[in-house]
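Subject: Structure handover

Dear colleague,

Here is the structure for your files.

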Amino acid sequence: MKSPEMRALIVEDDNSWQQIMNEILSDCGLEVDIAANLAEAIPLLKNKLHRLAVVDLSLSPNDHNNKDGLRVLDSVRRLDPNCRTILLTGFATVELAVTALTDFGAFTFLRKESFQRRQFKDIVNRILVSAPQMTDNNKISTIPISSLSNPNLSTAKNLLNQALIVEDDAGWRNILEDLLKESGFQVQPSTSFGEALGLLRRDKYSIAILDLSLNENINKKNNQTPQGYQLLEITKANNIPAIVVSGFSEPDEIERIYSKYSISAYIEKQSFDRITFKRILENVKIAYTATDELSALTEREREVLNLLALGLVNKEIADKLIISTNTVKRHLKAIFEKLGVHTRSAATAKVTSGNR
């Protein structure tokens, strides 16, 4: 039996899509099994291990409401838990895509109408080079964004320079990636809503660079909220600083985006300036660094630091918190060590940066 790293499963009822997937996966060095429906997929999942599976949402040519693909995802999770799944669909709503990612553990989802071979191959290669994280129950473990909202200091430093780009134009994507790398970020580019949603679910990012006009024709066709706006809702909910780089330049709408989504900056493509962009990146990085460092403090240490930032001396802090001055000194020593500073003014500066 082949190792799971060398085998892939395709669950697709359309012969042409079977051929496309088979060709790409074979080019990636995988031996491929093909099933046309859930019944054919089950024995393959029981008898063989797979590194990844590509699953079509609808597995009935005569029923466009068919969602057997979700049943396949559930079967993969139970029978072959090390296998990463990619959901392929021609009509999935955002709500359904989120369900596939959150409830059924899909790695990402791709729309057939905007399918790109290079993008798909890049996703496959990322799966092949990544090591599955296992739980005690022998299932892949993913870390929800919410669980990282208050990381310890060492974790925060490891995640500090992770940047996500969501841009479907290759030229702009390359420009943004180069500038982010020059500014010291580790960059994860993505080209679609589905890919970005999967990345945001699995990883923690210190910044996100978003285009608002992702797949505009699909949004208009399905009468959906533009996908870039949906991603802004996610970044805001998870406290990820977001910079919008867009061709849209209507002043009232830009003001609304600042207000509703609390973005860090809005840059119009037609007036894009590299130096300005890098300056914005540096400001966001400074603010994010301070915020994550402060998250390492205990609640009492944060109270002491806030009073210190107001200009209070040790005795005044002690009186406010009803503790001894020696206790204040111990808290300040711990605060200085955690923030990597040596003076009261430097510690105060961290509070100022973190509250911007």
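This is a predicted model: local features need pLDDT of at least 70, side-chain atom pairs count only at pLDDT 80 or more; totals for chains, interfaces and linings use all residues.

Residues are numbered from 1 along each chain as its sequence is written, and side-chain values use heavy atoms, with hydrogens and water left out.

Helix H2 spans residues 38–47, and its buried residues are Leu38, Ala41, Leu44 and Leu45. (Buried is under 20% relative accessible area, exposed over 50%, partly exposed in between, with a 1.4 Å probe and protein chains only; helices are DSSP runs of H or I with at least four residues, strands runs of E with at least two, numbered from the N terminus.) These residues lie on the same side of H2, because they cover an arc of only 120° around the axis, the arc being taken over the directions from the helix axis to the C-beta atoms. Ala39, Lys46 and Asn47, on the other side of H2, are exposed. The cover over the buried residues of H2 includes strand S1 (7–11), strand S2 (31–35) and helix H3 (68–79). At the start of H2, the backbone nitrogen of Ala39 has a side-chain oxygen of Asn37 within 3.2 Å.

Gln18 is part of helix H1 (residues 15–27) and counts as buried, at 13% relative accessibility. A polar atom of its side chain lies 2.5 Å from the backbone oxygen of Glu12. Leaving aside residues up to four places away in sequence, Gln18 touches Ile10, Glu12, Asp13, Ile34, Ala35 and Ala36 (contact: heavy atoms within 4.5 Å).

The structure has zero disulfides (a disulfide being a pair of cysteine sulfur atoms within 2.5 Å). Cys28 is buried at 15% relative accessible area, and Cys83 is buried at 7%.

The search of the whole structure gave one cavity of 30 Å³ or more. (A cavity is a set of points on a 1 Å grid over the protein atoms alone where a 1.4 Å probe fits but cannot get out; lining residues have an atom within 4 Å of a point. Grid points are joined across faces, edges and corners, and a volume is the space filled by probe spheres set on the points.) The largest cavity holds about 80 Å³ of space. Eleven residues line the largest cavity, with Phe109, Leu110, Arg111, Ser114 and Ser192 nearest its centre. Strand S5 (108–111) gives the most to that lining, with three residues.

Regards

Notes:
A polar contact is a pair of N or O atoms within 3.5 Å; within protein, one must be able to donate a hydrogen and the other to accept it, and residues adjacent in sequence count only if both atoms are side-chain atoms. On a 1 Å grid over the protein atoms alone, a cavity is a set of points where a 1.4 Å probe fits but cannot get out, and a pocket is an open set with protein on both sides within 12 Å along at least five of seven lines; lining residues have an atom within 4 Å of a point.
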